[in-house]
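Please look at the chain below and follow it part by part.

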Amino acid sequence: MPIKYNVVILAAGKGTRIHATDKPKHLFKVKGVPIIGRLTDTFLRDENCARLVLVIGFKGQQIVDYINAEFPAPIRGKIAFAWQRRLLGTAHATKIALTQIKNKYPTFVFNGDHPFMSSATTKKLARIFAKEQPTMIITTVKIKPDSSFGRIIKKNKLVEKIVEVKNCAPDELKILEGNVGAYFFDTTWLKERIVKVKKNQASGEYLLPDLLEMAVAEGKKVLSEQVENPVEALGINTLENLADAQQAR
């Protein structure tokens, strides 16, 4: 029997670094298909995905129009749009998305600029969730020592923290497990804690990784698991990233 889950795709950002001005970067094409179209198709076809929430903001109506035009009404039944009118970070966007989720299936949240994120990964995470019953699973990717990915710090196989590369000690830079920025949550716990995330004083945003700190402080089980294919870790933040994606396999 399929293990059901929800998928939240964060696609509200402005795409400043990729110079998105007249359309959201999530409509930029990778291998001829808009990023958000690739992802929507992936999870609409996924029989395990019970609810698909697209969080939109900057030029968001273009995404709505594209989805409505590209995907026939009979198969759009599990899609919901959640508007992030003020771009206040990933935790804020997730809180808005959760208003569209009424079931208690676990919820996978990731940035909508990862065009190759797959249902193979979410299905694997769902199996681990059903067996281990963690509060969170953080998706990771195997990296090289000079990688710019944040490092996953663990103790007794449980995640303790994520350290951004600029803050890593020399020993931490030797860790070869990097944070993809995609999270699989116990939805009941997530709904209770998302409202407690505090504004980051440096960025002025509410950020999803703060939930890891909450979970660890509460003694909750937090696991990490690698994506099925390293290409799933590729995020489109710059034109160089977009060029890399066109060549990816």
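What follows is a walk through some features of this structure, which is a predicted model.

Start with helix α1, which spans residues 35–44. Seven of its ten residues are buried, so the helix is largely enclosed by the rest of the structure. Those buried residues are I35, I36, G37, L39, T40, F43 and L44. A residue is called buried when its relative accessible area is under 20%. F43 has a relative accessibility of 0%, and therefore counts as buried.

How many aromatic pairs does the count come to? The count comes to six aromatic pairs. In one of them, F43 and F110 are partners, with ring centres 6.0 Å from each other and 50° between the planes, an arrangement classed as tilted. This pair links distant parts of the chain, since F43 belongs to helix α1 while F110 belongs to strand β6 (residues 107–111), and the two are 67 residues apart. F110 has a relative accessibility of 1%, so F110 counts as buried too. The ring of F110 also pairs with that of F108: the centres are 5.3 Å apart and the planes meet at 35°, so this pair is tilted. An angle under 30 degrees would have counted as stacked, and one over 60 as edge-to-face. F108 and F110 are both buried. Taking the ring pairs together, Y5, F43, F108, F110, F129 and F184 are linked into a cluster.

The charged end of R85 is placed over the ring of W83, at 4.2 Å from the ring centre. K23 lies over the face of F28, where the distance to the ring centre is 5.1 Å.

Helix α6 covers residues 187–194 and helix α7 covers residues 210–217; their axes are 11 Å apart and form an angle of about 105°. That angle makes α6 roughly perpendicular to α7, because angles of 65 to 115 degrees are put in that class. Which residues of α6 and α7 meet? On the α6 side they are W189, L190, R193 and I194, and on the α7 side they are L211, M214 and A215. Sorted by class, the contact of α6 with α7 has six nonpolar residues, one charged residue and no polar ones.

The loops show a detail of the backbone. Most residues other than glycine have a negative phi. H19 is not a glycine, yet its phi is positive, near 65°. H19 lies in the loop between β1 (5–11) and β2 (29–30). Is H19 buried or exposed? Its relative accessibility is 57%, so H19 counts as exposed. N156 likewise is not a glycine and has a positive phi, of about 55°. The loop that holds N156 runs between β8 (151–155) and β9 (158–163). N156 has a relative accessible area of 69%, and is therefore exposed.

Finally, look at A73, which is found in the loop between α2 (60–70) and β5 (79–83). With a relative accessible area of 52%, A73 is exposed, because the cut-off for that class is over 50%. A73 and T122 are 49 residues apart in sequence, and their C-alpha atoms are 25 Å apart in space.

Definitions and conventions
Residues numbered from 1 in each chain as written. Predicted model: local features only at pLDDT ≥ 70, side-chain atom pairs only at ≥ 80, totals over all residues. Heavy atoms only, no water. Axes fitted to C-alpha atoms, helices over the stretch in contact; angles between N-to-C directions. Helix = DSSP H or I, 4+ residues; strand = E, 2+ residues; numbered from the N terminus. Parallel < 35°, antiparallel > 145°, perpendicular 65-115°, else oblique. Contact = heavy atoms within 4.5 Å. Nonpolar A, V, L, I, M, F, W, Y, C, P; charged D, E, K, R; others polar. Phe/Tyr/Trp six-rings, centres within 6.5 Å; stacked < 30°, edge-to-face > 60°. Buried < 20%, exposed > 50% of the residue type's maximum accessible area, 1.4 Å probe, protein only. Lys NZ or Arg CZ within 6 Å of the ring centre and 35° of its normal.
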